[in-house]
Amino acid sequence: MECQICVDDLGDRAYCLPCGHIYCLTCVGNLQQTSTRFQSIECPVCRRVVPARISSDNIRKVFLNPSSPPPQVQSIQVRLATRDRELEKLKAKLAEAQALLATVLEAKEKEISEVTQKFLHLTTEYQEEVAEHRRTRNELRTKEVEIKTLKSKEREVIAQPQPSPSPFTFTSTSILPRPSFSKGSSSILADPTRLSVNPPVSKESFPRRSGSFFPVPLSSQSTQLAEPERVRTRANITTPLVSQVRKVKLEPPKEREKKTGAGILWRGYGCPQKTPVPECTASDGYHYFSGTGTNQYSKRYTCNICRFSCSESKRN
């Protein structure tokens, strides 16, 4: 049954006025609010004025027997039931998919943990290799520095002026003692193969026979003995020969790299924009330009360190 005002199904909200017309509770409350009479309402069908009180004498609640729903409602209910069954099936499938997904995720998490462990192990090995490479590189650099220092010292020693060799130096000396002659010295002198060389002897060792030979005086022996010592001391002096001195090839000075525009390192007045400027000889490599010589036609740039100078026209 439907309400005569809002045309909705009354259900268990049916209320009957004393005139006999039935309305829903919502419409009865709206009639009370819109009524211009005090504590009374007017029936919208028969225009009868009744008191606005819900009681057994005035407005009563009516219990209606539920009627069978229309065929459209029945078809909708059937479709809802089928939808509910399908929804239950989908829920079951979703639960199975969630369980399968949980197992797959656990397996993937295990694989990810293994891969991360391997990655950490490889990272540590790589870091150790890098540290070893750096140590070896530092050792090589230190050795190169030592070699360079040794080479520089060698060049300095070679570049020093060497004294010219003296013409009075002797490479080797062999002074033979005075030979002793016996009788028949003339035959010995005539035959050089019979010449006998004896070691130097003292004065007491000479025989005292008369007419055998003449002993050498002590003064001449002392001079002969002193002369080899003097010559030996001279021979011990090592004088390098000119042929043994290695010739040092002097390297030409390195050319300075030229830069233009933003590549120039500068401070001060400004820097050239078009002219290529060589690197400065300063320790930090920065030019310190001054604008001395600038006029209304051109700009003059002069480095106070390397004395490089150039000019550029102010006209474009």
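Let's start with burial. The protein has 316 residues, and 15% of them count as buried. Keep in mind that this is a predicted model. The accessible surface comes to about 26,100 Å². Carbon and sulfur atoms hold 56% of that surface.

Now the parts list. There are four helices and 11 strands. What about contacts along the chain? Take the contacts with a separation of 6 or more: 31% of them join residues 24 or more positions apart.

Next, a sheet. Please find the strands β7, β9, β10 and β11. They form an open sheet in the order β7-β9-β10-β11. The pairing is mixed. Here is the background for that word. Strands of a sheet pair through backbone hydrogen bonds, and they do so either parallel or antiparallel.

Which strands stand at the edges of this sheet? They are β7, residues 266-268, and β11, residues 309-313. Each has a single partner strand, so one side of each is left without a neighbour in the sheet.

Zoom in on β10 and β11. Strand β10 covers residues 298-303, and five bridges join it to β11. The two run antiparallel.

Arg307 has a positive phi of about 60°, although it is not a glycine. Is Arg307 buried or exposed? Its relative accessibility is 57%, and the cut-off for exposed is over 50%, so Arg307 counts as exposed.

There is another arginine to show you. Arg47 has a positive phi of about 65°, and it is not a glycine either. Look in the loop between β3, residues 40-42, and β4, residues 49-51. Arg47 counts as exposed, at 56% relative accessibility.

Now the aromatic rings. A pair of rings is described by the distance of the centres and the angle of the planes. How many aromatic pairs does a search of the whole structure find? Two.

Take Tyr269 and Tyr301. Their ring centres are 5.9 Å apart and their planes are at 50°, so this pair is tilted. Tyr269 lies in the loop between β7 and β8, residues 277-278, while Tyr301 is in strand β10, so the pair ties together parts that are 32 residues apart in sequence. Tyr269 is partly exposed, with a relative accessible area of 41%. Tyr301 counts as buried, at 5%.

The other pair is Phe289 with Tyr301. Here the centres are 6.2 Å apart and the planes stand at 80°, so the pair is edge-to-face. Phe289 sits in strand β9, residues 287-290, and Tyr301 in β10, so this pair links parts 12 residues apart in sequence. Phe289 counts as buried, at 1% relative accessibility.

Tyr269, Phe289 and Tyr301 form one aromatic cluster.

What sits over the ring of Tyr286? The charged end of Arg267 does, 4.1 Å from the ring centre.

That's the tour. Questions, please.

Conventions: Residues are numbered from 1 along each chain as its sequence is written. This is a predicted model: local features need pLDDT of at least 70, side-chain atom pairs count only at pLDDT 80 or more; totals for chains, interfaces and linings use all residues. Side-chain values use heavy atoms; hydrogens and water are left out. Buried means under 20% relative accessible area, exposed over 50%, partly exposed in between (1.4 Å probe, protein chains only). Contact means heavy atoms within 4.5 Å. Accessible areas come from the Shrake-Rupley method with a 1.4 Å probe; for residues, only the protein chains shown count as cover. Two strands pair if DSSP finds at least two bridges between them. Rings of Phe, Tyr and Trp (its six-membered ring) pair if their centres lie within 6.5 Å; planes under 30 degrees apart count as stacked, over 60 as edge-to-face and the rest as tilted. A charge sits over a ring if NZ of Lys or CZ of Arg is within 6 Å of the ring centre and within 35 degrees of the ring normal.
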